[in-house]
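Here are my notes on the model you sent. Please read them with the structure open.

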Amino acid sequence: MSQTTLETYFSKVDELKPAFIQRLSDAVAIPSVSSDEGLRPQVVEMAHYLKEQLANLGAVDIELKELGTQPPPVINSTLQLPPVVLSRFGKDPSKKTVLIYGHYDVQPALLEDGWNTNPFELVLKDDKLYGRGSTDDKGPVIGWLNAIEAHRNAGIELPVNIVTCFEGMEESGSLGLDELIEQERDAYFKGVDAVCISDNYWLGTKKPVLTYGLRGCNYYQVSIKGPGADLHSGIFGGVIAEPMTDLVRVLATLVNGQGEIQIPGIMEMVAPVTPEEEALYKDIDFDVSDLTAASGSNTALYQSKKDILMHRWRFPSLSIHGVEGAFSSGGAKTVIPSKVIGKFSIRTVPNIESAKLDQIVIDYVNAEFAKLGSPNTATCELIHDGAYWVSNPHNASFTAAAKATKAVWGVEPDLTREGGSIPITLSFEEKLKTSVLLLPMGRGDDGAHSINEKVDMSNYIGGIKTLGAYLHYYAASDTN
Ligand SMILES: NCC(=O)N[C@@H](Cc1c[nH]cn1)C(=O)O
Ligand SMILES: [Zn+2]
Ligand SMILES: [Zn+2]
């Protein structure tokens, strides 16, 4: 690869900036929220949008792979999972093949959650692009399409064969994707040399990173059922056992105010910290002010860089997310909800065994509920799980990504792990027997899953350059 090729590519990306913003704007406008059963048609619409874009860019063998119906718990038992968008650019046996994975579904977002603008309209303000999915993960997915378009438009041949795998259920546990990877391992995915995922972030706001580890996520719900219907609290308050009271009491036993999980047997499974690992934290560019800025608050539980990063990357955490069926709007409704469903998840790390964790959690919740002596009924179940992933970042793909990062940003990236989860990462590595690289576009303060999600313009454009440059450096590398 010549330096001129990269420079020509970078100039083309700059020239096409208005078209690239428009493409992201079109994608953000489709509210493809995978966790909302009522918005499933919009998730499917997003798959069709990508199909059309890929076709326009010259992709071949485009397929929308159906994954069947969504497994329980689900309100509509006939609900179809959104399709996985597969396509190819090039089939040259003399070139390496890179599988690019991303997700086209997004987290829920409502204006009344506190957004400054309509979450499903891309808004440019202060050189930042605001909108749901702008950084997680429509920005990067559209970024790959833009990288391909810039090559075409500049007359630069793609240096590798590309296979796209874009799913629409990542934010809801990647349901069905494992089975598809297994099914396509020796078919559509045959010959894949490396997998590149852009669905992560810089640790802070200034220094690029490459990511070699993720926590897993086991998501649970506990349903507590009592009276036959919602009741008047003046008539029934104090004379019947209230499901909400039971639920709050059970949820309060899971974790303490220091973020320490109170369920016995979980911390015991966590891999011990080695002296080599201890040493890794000192060179990472991060401090407590990055956490303060990204969280928009001064509420950190730890004050040192090492403690924060270790509790984000390599220790489990338990978060309580919400209660389905509870009164939650403004005003003062005097209701006793008849059935409430508490949602919580545990971020998992090496060496927590997922099935053992589920058993421990479910037994614990049942035991805590039994202690209440309530006449109500409780059921605790796993909704979805995704494995943790930690890999060795010293291979040709990471080396190529480090060179690409240096070429675009002028610095060597830090090597980091991330506290979030991408459930399918381990499956790609194990089933395709290939290396997986996480190459981020956005920054640590982008507000993924939060209100006012954004991607900085410089990260969007710089990210498109980095993704394209990575393909060139990887193509030019000697080994896999
Ligand atoms: N950008 C990755 C991401 O946000 N992943 C989600 C995935 C998820 C959802 N439920 C379980 N895992 C995350 O919350 O980390
Ligand atoms: Zn994501
Ligand atoms: Zn996400």
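How do the residues of the shell around ligand 1 divide into nonpolar, polar and charged? The points below start there.

1. **Ligand shell.** This is a predicted model. The shell around ligand 1 holds 5 nonpolar, 4 polar and 5 charged residues. In total, 14 residues surround the ligand. The closest are Asp136, Asp199, Cys217, Gly420 and Ser421.

2. UniProt, in an unreviewed entry, carries a "binding site" annotation for Asp136, Glu171 and His449. These residues span 314 positions in sequence, yet no two of their C-alpha atoms are more than 9.6 Å apart, so they gather at one spot.

3. **Asp136.** This residue is among the closest to ligand 1 and is also in the UniProt annotation. Its place is the loop between β5 (128-130) and α4 (138-154). Is Asp136 buried or exposed? Asp136 has 28 other C-beta atoms within 10 Å, and the cut-off for buried is 20 or more, so it counts as buried. Leaving out residues up to four places away in sequence, Asp136 touches Asp199, Ala448, His449 and Glu453. One of these contacts, Asp199, is also listed among the residues closest to the ligand.

4. **His449.** Look for this one in the loop between β17 (435-438) and β18 (454-456). His449 has 15 other C-beta atoms within 10 Å and is partly exposed. Which residues does His449 contact, leaving aside neighbours within four places in sequence? They are Gln107 and Asp136.

5. **Asp287.** This residue sits in the loop between α8 (275-280) and α9 (288-295). Asp287 is partly exposed, with 13 other C-beta atoms within 10 Å. Asp287 and Ala147 are 140 residues apart in sequence. Their C-alpha atoms are 33 Å apart in space.

Technical notes:
Residues numbered from 1 in each chain as written. Chains lettered and ligands numbered in written order. Predicted model: local features only at pLDDT ≥ 70, side-chain atom pairs only at ≥ 80, totals over all residues. Helix = DSSP H or I, 4+ residues; strand = E, 2+ residues; numbered from the N terminus. Buried ≥ 20, exposed ≤ 12 C-beta atoms within 10 Å, placed from the backbone. Near = placed C-beta within 6 Å. Nonpolar A, V, L, I, M, F, W, Y, C, P; charged D, E, K, R; others polar. UniProt positions renumbered as here; feature names shortened; annotations may be inferred. Contact = placed C-beta atoms within 7 Å.
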